[in-house]
Amino acid sequence: MAAIQPSRRSVLATLALTAGSVALSGTSMASALAQTSPDPTKPRTKPVIFVVGDSTSSAYQQSERPRAGWGQALPLLLGPQATVFDYAWSGASSKSFADAGLLDRVLTLMQPGDYLLISFGHNDEKVSDPSRGTLPGSTYKEYLGRYIDGARARGGKPVLVTSVERRRFDSFGTAQDSHGAYPQAVRDLAAATGTPLVDLTVSSKELWQKLGPEGTKRQFLFLAPGEHPQYPQGSEDNTHFQAAGALSVARLVARELQQKEIAPPGYFLNIDAGTDPLMAMFWPSERPVDVPRTLDVGPGKAFATVQAAVDSIPSGSTQRTVIRIQPGTYREALRVPANKPRVSLVGQGSRPEDVLLVFNNASGTPKPDGSGNYGTSGSASVRIDGPDFVARNLTISNDFDEAANMGMKDRQAVALHITADRSVLSQVRLLGNQDTLLVNSPGAGVPARFYFDRCYVEGDVDFIFGRGTAVFSACEIKSLDRGSTTNNGYVTAGSQDLSIKYGYLFDQCRLVSDAARDSVHLGRPWHPSGDPKAVAQVLVRDSWLGAHISGSPWTDMSGFSWREARFHEYNNRGPGAQVTPDRPQLPGPEAGNYTVRNYLQGTDGWAPQLEGTTADCSVVPSAPAA
């Protein structure tokens, strides 16, 4: 897929409109999905290193991986004493960044003791563009002075950083200067104002000279066609970096901060660590500076229903839409179509139970138009097809009453049916009975990945099913008691195509129930329409299993043997975690191949599990002191 790069002018216009307000930013996703904007008055436990600048220092989104800026790589070098927030903006100059209100945004977030790394110049040089160009002897210094004064007024510590050199060599292989008088203007300003200086122009030129014309290609965004799915046609870019180059330049910055004692000793503990930046770096769904569209649903808000808010989103929009849902019950069959990507549903209550999205169709429920029944997949209370979907802090339920409809032949009732690749659900409750959660994909053999983080899923028969790839991390999985002493249902019914290596991973989960001991199965293999290539893959690892889990937890389905499916356990504990001949254990040497990262990364390197970790530079810092 080609990298999504919104027009600089369109983003500038959006930011100009929101200047002076505290806009939601990023979906890494703690920033854009926060229930409220960060409170800059609350003290933090550690200082923040803010990075402002242009494309060479900015953070890039998942669709642009492996392109990265040095500010995005800087967190990989830090110890535990500080964090990084990279608010650099691709295409910005010192003038356009400030004029768009982004400097004010950063200064609002700064607290005493924070650092502000200021690195502009590439676009200040474009004097033919009146919205960006500045003159090194006058307006360039004047604008940079605003950053210095603003940081100091907030009790922060400004640091000037000269521009990193482009990849430019003469015919003899000698690295060339490319920034004219601008780096010297920064040096002069640093001396005149007593501001610490990182001379990245000098250090980067020395590094490029050392690596030479060919060696630098591995640092800059030189990619062969097909090397990365985000750049199918390849790339030859002499200005911007791929992950390795971003890390190399970040090391130059960190070393100078350390050597000149600009930052205290111990800040940068990992400068020389053998880090694989492509695997260790975090690419958020959107860049931190990208302002999402925000819609409010609930009593007295712009939209009475969630569906009305979804319907208002333009088809094909590449802008994140955050739908903030006020506490209450929303009884509607909600649909987010495939042509509406990047939708976030965020409950505004204090807990997931406060926002309930619910409906009560079942497979056998007749459609109002008389065209037949809904069928299992059509019964979903919520169906999500738009990729890059996010849900947080809410409940999705199908409350179809099985007991009151015993005369209905098909009583499967789905709460959530999701096919949207790269979806993240965090602290979401999913409630139903049979077939609660359908983790699906657009077609057989077509991958779709879902990350369920600290969620709660309950049901009885096959209540997690489908052909998608799903990671359940630190989730609670509850099997409902059907009143039987021998069979209270099945947790999973996977149907992954044999071409899909990874199916369901339950990692550090709790599997609980009030049902009888040894009465619930971990799963059975579902072969839709008898498809022999639909072979379930399920791994339960490092999890706690209650006594309800059967000593023979895998069972046959519709004539297909469970022994021919890809079922394994690994390193589980709890009363239901006994090891028997009917419980295949993943061989120890294979454990490293079946991790959260491997399940989710696909071909594009998606790694949502890094959000909020020390690798994440895209979260608006707002954590209060303990």
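I searched the whole structure for aromatic pairs and got 17. For the record, rings of Phe, Tyr and Trp (its six-membered ring) pair if their centres lie within 6.5 Å; planes under 30 degrees apart are stacked, over 60 edge-to-face, the rest tilted. This is a predicted model, so I kept in mind that local features need pLDDT of at least 70 and side-chain atom pairs pLDDT 80 or more, while totals for chains, interfaces and linings use all residues. Residues are numbered from 1 along each chain as its sequence is written, and side-chain values use heavy atoms, with hydrogens and water left out.

**Rings**

Buried or exposed, F452? I got a relative accessible area of 0%, so F452 is buried. F472 also comes out buried, at 0%. My cut-offs: buried is under 20% relative accessible area, exposed over 50%, partly exposed in between (1.4 Å probe, protein chains only).

I also noted one aromatic cluster made of F50, F85 and Y87.

**Charges over rings**

I found R65 lying over the face of W283, 5.1 Å from the ring centre. R510 has its charged end over the ring of W544, 4.4 Å from the centre. The test is NZ of Lys or CZ of Arg within 6 Å of the ring centre and within 35 degrees of the ring normal.

**Cores**

Which residues touch the most other members of the largest nonpolar core? I have I323, L345, L357, F452, I464, F472 and I477, out of 61 residues. A nonpolar core is a set of buried Ala, Val, Leu, Ile, Met, Phe, Trp, Tyr and Cys residues joined through side-chain atoms within 4.5 Å.

I listed contacts (heavy atoms within 4.5 Å) for L357. Beyond four places in sequence, its partners include V306, I325, Y330, L345 and V382. A second, separate core has 48 residues, among them I49, L76, V249 and A250.

**Cysteines**

I counted zero disulfides, with the cut-off at two cysteine sulfurs within 2.5 Å.
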